[in-house]
Amino acid sequence: MIGPDVAGIAEKLGVAADTATAIPQLAAETGLDVDAAYAVQTALVQRRVDRGERLVGLKMGLTSRAKMAQVGVDEVIWGRLTDVMRVPDGGTVDVGDFIHPRVEPEVAFLLDRLPEPGEPVGAFTDAVRAVAPAIELIDSRYADFTFSLADVVADNTSAAAFVVGPWSPVPDGLDNLGVLLEVDGRVAQVGSTAAILGDPRRALDEGIRLAGRHGVRLRSGWVFLAGAATAAVPLRPGAHVRAVVERLGVASLRAAS
């Protein structure tokens, strides 16, 4: 039996991202399952690496019930981050570079060494150098921002851009910190880090485990986005966005007018 055309699907998704052009879902017509979708994701990101981008981290997706409900899937997923995706804190993005961009508040970790799968939470601070508030800009390449689980995995979990705020030492507790997403000075979403698998530290363990299934190991110096604490909101031209995380601080970006 011939399997899905991994390279062909990756090329379609890559062109869709490069040209900011939405495409139909692919999984149903190509027979793509989740394992094959991760192979597509690998090829898709390799396409970026081949043109000069560097891998700088991993991101988790669908780590909150709000996000699962928002996109209609029910399994935690992971994707890859490159240096070109990173926007300086307070920097500006052009919404015209994306199809239907949305933003969400996150918690970011800076890895000091390679954590081991299943490593006790007590050893967490030995593996993580610092923590920061963050914003992820997601942008599904599929029409209407709708997709199956395999579709979104293949699409590198809708990864598009990210901002990391000031790094600080890891506090004693990360499991119930208040989170605000502000747009133009108004609160757009209210949440808690408890929405990230109950504790963002669990997201790191889950990311290590899931990525390890596909031969990917996290590296020292990488950024790890633990997942969104609230549902995402659309990013409009001219908007000023701030993610405020209790005890961690603020990350921000602007959308060009």
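Trainee: What distance separates the end C-alpha atoms of helix 3, and what span should its 17 residues have?

Mentor: In this predicted model, helix 3 covers residues 34–50. At 1.5 Å a residue, its 17 residues should span 24 Å. The distance between its end C-alpha atoms agrees with that expectation, being 24 Å.

Trainee: Which elements do the buried residues of helix 3 pack against?

Mentor: The buried residues of helix 3 include Ala 36, Val 40, Leu 44 and Arg 48. An α-helix has 3.6 residues a turn, so residues three or four places apart point the same way. The packing partners of the buried residues of helix 3 are helix 1 (6–19), strand 1 (55–61), strand 2 (77–82) and helix 6 (149–154).

Trainee: Are helix 1 and helix 3 parallel, perpendicular or oblique to each other?

Mentor: The axes of these two helices come within 8 Å and cross at roughly 55°. An angle of 35 to 65 degrees falls between roughly parallel and roughly perpendicular. Helix 1 is therefore, relative to helix 3, oblique.

Trainee: What is the handedness of the crossing of helix 1 and helix 3?

Mentor: Residues of helix 1, among them Ile 9, Leu 13 and Asp 18, meet residues of helix 3 that include Ala 36, Val 40 and Arg 47. The crossing of helix 1 and helix 3 is right-handed.

Trainee: Is Ala 7 buried or exposed?

Mentor: Ala 7 lies in helix 1, and its C-alpha atom is separated by 8.0 Å from that of Leu 44, 37 residues apart along the chain. A residue counts as exposed over 50% relative accessible area. With a value of 54%, Ala 7 is therefore exposed.

How values were computed:
Residues numbered from 1 in each chain as written. Predicted model: local features only at pLDDT ≥ 70, side-chain atom pairs only at ≥ 80, totals over all residues. Heavy atoms only, no water. Helix = DSSP H or I, 4+ residues; strand = E, 2+ residues; numbered from the N terminus. Expected span 1.5 Å × (residues − 1). Buried < 20%, exposed > 50% of the residue type's maximum accessible area, 1.4 Å probe, protein only. Contact = heavy atoms within 4.5 Å. Axes fitted to C-alpha atoms, helices over the stretch in contact; angles between N-to-C directions. Parallel < 35°, antiparallel > 145°, perpendicular 65-115°, else oblique. Left-handed = near helix turned anticlockwise from the far one by under 90°.
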